Amino acid sequence: MKQPLVLSEIGGVPVTELAARYGTPLFAYDVAAIESRLARLASFDVVRYAQKAWSNLAVLDWLRRRDVLVDAVSAGEILRALAAGFSPHGDPPPIVYTADIFDHDALRLVVEHGIHVNCGSPDMISQLGEAAPGSEITLRINPGFGHGHSQKTNTGGPQSKHGIWHEQLEACLQQADRFGLAVTGIHMHIGSGCDFEHLSQVCHAVEKMARQAGRRVTSISTGGGLPIPYREDEPEIDIDEYFRLWDETRKRLEEAFGHAVRLETEPGRYLVAEAGYLVTEIRAVKEMGGNTFYLVDAGFHNLARPVLYGAYHPMSIAPVDTTRSTQLRPVIVGGPLCESGDIFTQREGGFIDPRPLPAAQVGDYLVIGGAGAYGFVMSSQYNSKPLAPEVWLEEGRSTLIRPRQRLEDLFADERIPGSQAG
Ligand code: LLP
């Protein structure tokens, strides 16, 4: 993605104004970016947003009003979807629960609300079959091979915990029959990136599984995994080609079955990653052993992707004094946590990667881009740091969609054994 090294505004709002109004660190989301991504997926029958990427009610509501449906992976995400106004059932199902297990809350909620389930394990089929016989289900299949931007995000193959193993499909179909569950769709989330040769293997596997599941199949899902270019030199995925491969698969199935087959896609990152920025303030500039460090007030408790996966995120400086020199120099960007891995400029394996960034001083802002997906949702309160606020930017206006957590709330629910309150 293209993010200038000196950035003065996000979504038409000056960074300095955002920082003054909401404090730092903060997440700001430019809705126009989501809008343009969504427009590119118009060919699909259903865009089902994988809310795990970013699940604030504001984005769920915004997408719902644009006919996007939603995926949920937990009881909490089901409740979020309902709270954002998605109805529990419909055709196609507005909410689909996709997971490899039911915890007790999730099973209770899907049964109570009649939510469609995409089963990722044989145990889910029997648990749902016992609790809600006669339901329609879809199956998430692990085709025996995978893909992913790191080992931690690989989603198929024998070392992945995800999905129903392809060789067990027949047994699962029989198991579904015993409970009167109708298998109406096949789902595969592999995360193919821009590799179309791999994608055609995935399409082939979906087609084979759908044929095996038979004529009751009325939908196939591509899963998620549509990539976005975090680095400026990374290619943009050719969505038309992506659609074409899936559409051909769908058409072959329609011909075989003699009825329409819905084509769903399930992006998370693609829709929201570029919309989100983590705005931080530089609180220390240290020169140590020939290295320059910018230490900012956000850490891996706000954005875990660099420390977890060595993920690259674009960075910019928003200087307070715009007349100062912004000559580039190699910089290591770190956060406030008491842990040496709290570095935003690192590669997989924890190797530090200094980044050319404009000269800056304490009090300037450092803005981390590509933070809309798997940013806020993966944050923690490590080191007793409160969760950052979230701000929605639309048509040059900012709206707080989640306030900063109060410091006192960090321990408000804790109890000291033997004390009065306990
Ligand atoms: N559908 C299913 C069944 C999934 O498991 C996922 C992601 C998606 C859709 C959406 O994938 P996306 O389009 O966002 O790539 N925390 C990692 C990503 C984990 C993805 C987990 N599943 C990261 O920060 O890159």
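**Close-up 1. Burial of phenylalanine 376 and phenylalanine 27.** Phenylalanine 376 has a relative accessibility of 10% and counts as buried (buried is under 20% relative accessible area, exposed over 50%, partly exposed in between, with a 1.4 Å probe and protein chains only). Phenylalanine 27 is also buried, at a relative accessible area of 0%. The model is predicted: local features need pLDDT of at least 70 and side-chain atom pairs pLDDT 80 or more, while totals for chains, interfaces and linings use all residues. Residues are numbered from 1 along each chain as its sequence is written, and side-chain values use heavy atoms, without hydrogens and water.

Close-up 2. Eight aromatic pairs are found in a search of the whole structure (ring centres of Phe, Tyr or Trp, the last by its six-membered ring, within 6.5 Å; planes under 30 degrees apart are stacked, over 60 edge-to-face, the rest tilted). The ring centres of phenylalanine 27 and phenylalanine 376 are 5.9 Å apart and the planes stand at 85°, so this pair is edge-to-face. Because phenylalanine 27 belongs to strand E3 (residues 26-30) and phenylalanine 376 to the loop between strand E18 (365-368) and strand E19 (390-394), the pair ties together parts 349 residues apart in sequence. Strands (E, at least two residues) and helices (H or I, at least four) are DSSP runs numbered from the N terminus. One aromatic cluster is formed by Phe27, Tyr29, Trp54, Phe376 and Trp392.

**Close-up 3. Helix H5 against helix H6.** The axes of H5 (residues 104-113) and H6 (residues 122-131) come within 11 Å and cross at roughly 45° (axes are lines fitted to C-alpha atoms, for helices over the stretch in contact; angles run from 0 to 180 degrees between N-to-C directions). H5 is therefore oblique to H6 (under 35 degrees is roughly parallel, over 145 roughly antiparallel, 65 to 115 roughly perpendicular, the rest oblique). Leu107, Val110 and Val111 of H5 meet Gln127, Leu128 and Ala131 of H6, contact being heavy atoms within 4.5 Å. By class, this contact has five nonpolar residues, one polar and no charged (Ala, Val, Leu, Ile, Met, Phe, Trp, Tyr, Cys and Pro are nonpolar; Asp, Glu, Lys and Arg charged; the others, Gly among them, polar).

**Close-up 4. Helix H6 against helix H7.** The axes of H6 and H7 (residues 169-178) are 9 Å apart, at an angle of about 5°. H6 and H7 are therefore roughly parallel to each other. Pro122, Ile125 and Ser126 of H6 make the contact with Cys172, Gln175 and Ala176 of H7. Four of the contact residues are nonpolar, two polar and none charged.
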